Amino acid sequence: GVKDAHAFVPLVGLGLEYELQPKISAYANVSQSYRPAVFTEAVPTAGGSVVNNDLSEGSSWQYELGLRGNPQPWLTWDTSLFWLDFDNQIGTVGATVQNVGRAIHNGWEGALELDVVGLYDRLRGTDAADRWGSLSLYANAMLLDAEFKGGPNHGKAPQYAPEYLIRTGVNYRWRDRAKVSLLGTFLDDHFA
């Protein structure tokens, strides 16, 4: 049979930022999201798989509180705490696609970017950045605690939720015309 579904879901979000001192700000965000079932979840695509008829859309609220700064032209940093409450997450239990419960994700995220050419210019009094561009080293780290609270997966970790994730790399920018990046990602065990 043909399945036809329509939904109109207004979502809310609010973000605030307050400058604590020049080039250092505190920020807070709260936002709501909506996650409908996608085709591969709503229609059985594998032999023996079953999709519950009462599959509900997922919804979530995310809260974030953080500090960020750009105290020097060659240094940028950001740190934040977050909490995500994801209800009616869609997943698989055995061969059945169903709502698998309410997942709570909370943790810390931090980022740092250092332009070594800009720092060299600052320390040596040169204008190498104007001539050669910028070469930035950056790192981003996240620590995460995520667990299902209720539903058939109660007490288990949600998919795509590693306990840590570290991204690091190098960005080369030349006069805002060209950018080349080399990236690396390190992450904890997780499942999909």
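What share of the contacts in the protein chain with a separation of 6 or more comes from residues 24 or more positions apart? It's 57%, where a contact means heavy atoms within 4.5 Å.

This is a predicted model, so local features need pLDDT of at least 70 and side-chain atom pairs count only at pLDDT 80 or more, while totals for chains, interfaces and linings use all residues. Residues are numbered from 1 along each chain as its sequence is written, and side-chain values use heavy atoms, with hydrogens and water left out.

**View 1. The whole chain, with its 3 helices and 9 strands.** Helices (H or I, at least four residues) and strands (E, at least two) are DSSP runs, numbered from the N terminus.

View 2. S6 (residues 96-115) pairs with S7 (residues 134-149) in the antiparallel sense over 14 bridges. To count as paired, two strands need at least two bridges found by DSSP. Look for Ile104, which sits opposite Glu147 in S7. S7 also pairs with S8 (residues 164-174), again antiparallel, over 10 bridges. Here Met142 has Leu165 in S8 as its bridge partner.

**View 3. Gly107 and Leu81.** Gly107 lies in S6, and Leu81 in S5 (residues 75-93). They're 26 residues apart along the chain, yet their C-alpha atoms are separated by 5.8 Å. Gly107 counts as buried because its relative accessibility is 16%, whereas Leu81 counts as exposed because its value is 52%. Leaving aside neighbours within four places in sequence, Gly107 is in contact with Ser80, Leu81, Phe82, Leu143 and Leu144.

**View 4. Asp85 and its partner Arg102.** Asp85 is another residue of S5. With a relative accessible area of 15%, Asp85 is buried. Its side chain makes a polar contact with the side chain of Arg102 at 2.7 Å. (A polar contact is a pair of N or O atoms within 3.5 Å; within protein, one must be able to donate a hydrogen and the other to accept it, and residues adjacent in sequence count only if both atoms are side-chain atoms.) Not counting residues up to four places away in sequence, Asp85 also touches Ser59, Ser60, Trp61, Ala103 and Ile104.

Conventions: Buried < 20%, exposed > 50% of the residue type's maximum accessible area, 1.4 Å probe, protein only.
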